[in-house]
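Colleague: Before we discuss the ligand site and the backbone, could you put the model up for us?

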Amino acid sequence: MSFPIQRPRRLRRTPALRNMVRETELSSGDFILPLFVCPGKGVRTEIQAMPGCHRLSVDETVAECEEALSLGVPSVILFGIPPSKDPEGSGAWKEDGIVQQAVRALKKSVPDLFVITDVCLCEYTDHGHCGKIEKGEVLNDPTLEVLTETAVSHARAGADLIAPSDMMDGRVAAIRQGLDANGFSHLPILSYAAKYASAFYGPFREAADSRPQFGDRRSYQMDPANAREAMREVQLDIEEGADMVMVKPALPCLDIVRRVREAFPVPLAAYQVSGEYSMIAAAARNGWIDRNLVILESLTAIRRAGADLVLTYFAKEAARLLKAG
Ligand code: PBG
């Protein structure tokens, strides 16, 4: 008997063979493109820490979404940058708030696009925290009321899926109740269930101008050292009525993605966050890595770990790469 009998390289010899045995396929249909909507008309401002990503006014958001859809990206998630902020974050639930305007415009002009809205207060509060504040503490239960109001206003504007990202306890149940009571029992919830207090959100906070003005988010977002706790968060959110769950960030949490995938039979999303985007963009700009290959490899890794859907700022670019083959 010649050695070795088993030669894994036999299945790697040609592109046809490699295609036949590939276990994970990347598809633009699995991508969700995050967008930052800002006031004005014709506004397209590049975000410094995220070259290639922009704050877009409503009309530019519509144009961006038409392009995304034409590339095969079926879905976007909207973040709002309001014209002004206040301690309550009242811009979040205004009927003519920035996200509400954008949803209405998209439903009218790009009806086939699937529109997700992020429900949180940090983009709308002047202190930059995700909830109401009293004596330097982020209050839980009083925050639930305004999160619910925000979710219902998104539903009224025509959102297809509501995605709470605030990490208050009980918010999925509160939002579920609010939606049901207002005639939206058919509308699903995607909860940011395992959301870590991650330094990888840095560039987003420049984009959304939502940096906390005091303290940090560690009293409500999860400690990156914890994995069991993520399972508990996911379980609670499903019990409260979440239809889909998310793990965030993505590459630093592939173990969590895998564990959630194996333990819970619900659709799972992972968010390749701003810092993940910026690191790849910066290294590629320096010529240190191959941008296209790293984009596809990182997205494949997230899907391989078990995510059904990937929120990624690379959605359009990756769709183009997949089209080109
Ligand atoms: C809002 C929210 C944040 C992100 C998504 N929703 C910021 C935060 O929690 O500080 C981060 C997304 C990214 O970094 O790309 N709470």
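Colleague: Which residues are closest to the ligand?

Modeller: This is a predicted model, in which local features need pLDDT of at least 70, side-chain atom pairs count only at pLDDT 80 or more, and totals for chains, interfaces and linings use all residues. Residues are numbered from 1 along each chain as its sequence is written, and side-chain values use heavy atoms, with hydrogens and water left out. Counting a residue as near if one of its heavy atoms lies within 4 Å, 18 residues surround the ligand, and the closest are Lys-195, Arg-205, Lys-248, Ser-274 and Tyr-313.

Colleague: How far is the polar side-chain atom of Lys-195 from an oxygen atom of the ligand?

Modeller: A polar contact here is a pair of N or O atoms within 3.5 Å. For Arg-205, a side-chain N or O atom is 2.6 Å from a ligand oxygen, while for Lys-248 a polar side-chain atom lies 3.5 Å from a ligand nitrogen. For Lys-195, the distance to a ligand oxygen is 2.7 Å.

Colleague: How much of the accessible area of the ligand does the protein cover?

Modeller: Accessible areas come from the Shrake-Rupley method with a 1.4 Å probe. Of the 400 Å² that the ligand has on its own, the protein covers 100%.

Colleague: Which peptide bond is cis, with omega near -5 degrees?

Modeller: Most peptide bonds are trans. With omega near -5 degrees, the cis bond runs from Lys-248 to Pro-249.

Colleague: What is the phi of Lys-135?

Modeller: Most residues other than glycine have a negative phi. Lys-135, in the loop between strand S6 (133–134) and strand S7 (137–138), has a positive phi, near 50 degrees.

Notes:
Polar contact = N/O pair within 3.5 Å; in protein donor to acceptor, adjacent residues only side chain to side chain. Helix = DSSP H or I, 4+ residues; strand = E, 2+ residues; numbered from the N terminus.
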